[in-house]
Amino acid sequence: MLADKRILLVISGGIAAFRALELIRRLREQGATVTPVLTKAAEEFVTPLSVSALAASKVYRDLFDLTDEAEMGHIELSRSADLILVAPATANIMAKMAQGLCDDLATTLLLATDTPVMIAPAMNVRMWDHPATQANLVTLQDRGVQLVGPDAGAMACGEYGPGRLAEVPAIVDAVISHFAAGPLAGKRIIVTSGPTHEPIDPVRYIANRSSGAQGAAIAAALRDLGADVEFVTGPADVPPPAGVAVHSVQTAQQMLDAVQSLLPSDAAVCAAAVADWRVKGASDQKIKKDGSGTLPVLEFAENPDILATISQGKLRPGLVVGFAAETQDVMAHATAKRDRKGCDWIVANDVSPETGIMGGTQNTVTIIDDQGAESWPDLPKAEVARRLARRIADALA
Ligand code: C5P
């Protein structure tokens with residue numbers, strides 16, 4: 001699927017660099033030509049000889065290697081590829097790319113190029129979460145750098161969380177979908193995500209513990225398969241993925257209005273943890289503690305059910321996917337929910353506090369459709385998203 005594609009693979013120095021060897025094999029299996037560039041630090045983790053052998057190519061290492069300059073200058077090298085893939089991309093190389101530093105061959109190529117760039121970050125979870133890295137990521141994505149991963153999970157350093165190099169097949173998939181019109185090309189898909197905030201007064205609100213991580217991952221996975229994603233998000237902890245149309249809302253009513261304004265669509269995935277109730281007659285002034293000991297009494301009104309409304313509406317998308325976050329009798333409740341709301345699939349999960357799913361990085365889900373139930377193993381949320389996106393692509397094919 002990558003015949004005639006020339007990939008300049010920049011391997012930067014992290015423990016995940018050894019996985020670049022497998023990546024080279026898989027890219028070449030797809031027909032790609034891989035020209036490797038190693039940073040100095042990468043050479044501590046993989047030898048130029050093994051990289052060269054697997055790539056069946058010269059390995060480029062040194063900016064001041066005059067033979068290479070005679071054969072092919074760094075400007076030429078940077079432009080001779082169809083894609084520059086940085087895998088693994090360390091926090092250091094991301095920072096240099098964001099700043100435009102060019103103190104070695106890899107960073108000079110990246111600054112000199114007019115070729116699309118894709119990065120597959122890999123680093124310790126704290127380095128990934130650090131505001132500096134996250135700000136660099138935003139800068140790079142704003143400039144059109146494509147992102148694959150990182151995944152969340154156990155790390156070589158013994159810590160746990162986001163920062164693991166994406167699985168090699170996922171990187172290869174991202175490269176393939178960069179070149180190919182993905183299976184969801186031309187499909188418009190609405191994704192709702194995050195919690196909603198229901199005001200009590202102008203400064204207080206009722207919310208829930210949803211981080212928006214699963215919804216953001218689903219939007220990114222659908223985008224990677226070529227879909228035009230309309231991402232309707234409440235105030236989530238996780239930033240929206242790049243390359244999707246973002247519609248930010250606060251309340252359930254605003255989320256419903258946004259979704260309805262985006263219909264018709266080919267599919268809708270309602271991953272938002274929408275508040276079931278709002279405060280009836282929320283105060284437009286801050287409620288004061290007046291010292292009399294009188295406690296405010298909140299009266300609730302039911303929020304519209306977005307999933308049920310669009311599932312039963314005139315402009316029903318071809319495929320409607322809902323979620324069922326339950327703490328007991330997961331299957332029974334989820335199956336009943338599918339019938340009651342009228343959606344096609346329910347993605348059911350157990351969000352009891354001991355599962356760590358809400359706000360965590362892993363998810364264990366069962367998909368319920370008209371054929372029955374399909375249980376998936378415990379997976380990173382990014383992988384749940386990729387499998388769900390592929391299942392949606394198959395259903396819409
Ligand atoms: O009824 P429950 O909140 O458990 O249903 C969960 C599913 O319904 C999720 O897909 C959620 O996004 C959706 N939902 C909705 N609007 C609501 C409540 C839930 O779209 N007001």
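Ile 93, Lys 96 and Met 97 of helix 5 are in contact with Ala 106, Thr 107 and Leu 110 of helix 6, where contact means heavy atoms within 4.5 Å. The model is predicted: local features need pLDDT of at least 70, side-chain atom pairs count only at pLDDT 80 or more, and totals for chains, interfaces and linings use all residues. Residues are numbered from 1 along each chain as its sequence is written, and side-chain values use heavy atoms, with hydrogens and water left out. Helices (H or I, at least four residues) and strands (E, at least two) are DSSP runs numbered from the N terminus.

**Packing around helix 5**

- Two packed helices are described by the angle between their axes and the distance between the axes.
- Helix 5 (residues 91–99) packs against helix 6 (residues 105–112) at an angle of about 40°, and their axes are 10 Å apart; axes are lines fitted to C-alpha atoms, for helices over the stretch in contact, and angles run from 0 to 180 degrees between N-to-C directions.
- Helix 5 and helix 6 are therefore oblique to each other; angles under 35 degrees count as roughly parallel, over 145 as roughly antiparallel, 65 to 115 as roughly perpendicular and the rest as oblique.
- Helix 5 and helix 6 cross in a right-handed sense; a crossing is left-handed if the near helix is turned anticlockwise from the far one by less than a right angle, and right-handed if clockwise.
- With helix 8 (residues 131–142), the axis of helix 5 comes within 9 Å and crosses at roughly 50°, which makes helix 5 oblique to helix 8.
- The crossing of helix 5 with helix 8 is left-handed.
- Residues of helix 5 that meet helix 8 include Ala 91, Met 94 and Met 97, and their partners in helix 8 include Asn 136, Leu 137 and Leu 140.

- The crossing of helix 1 and helix 2 is right-handed.
- In helix 1, Leu 21, Ile 24, Arg 25 and Arg 28 meet Ser 50, Val 51, Leu 54 and Ala 55 of helix 2.
- Arg 19 and Glu 167 form a salt bridge through their side chains (3.7 Å, N to O); the term denotes a side-chain nitrogen of Lys or Arg within 4 Å of a carboxyl oxygen of Asp or Glu.
- Glu 167 lies in the loop between strand 7 (160–164) and helix 9 (168–179) and Arg 19 in helix 1, so this pair ties together parts that are 148 residues apart in sequence.
- The count by this rule is 22 salt bridges.

**Backbone geometry**

- Most residues other than glycine have a negative phi, and most peptide bonds are trans.
- Ala 56, a residue other than glycine, has a positive phi near 50°; Ala 56 lies in the loop between helix 2 and helix 3 (66–71).
- The peptide bond joining Ala 87 and Pro 88 is cis, with omega about -5°, and Pro 88 belongs to strand 3 (residues 83–89).
- A cis peptide bond also runs from Leu 263 to Pro 264, with omega near 0°; Pro 264 is in the loop between helix 11 (252–262) and strand 13 (267–270).
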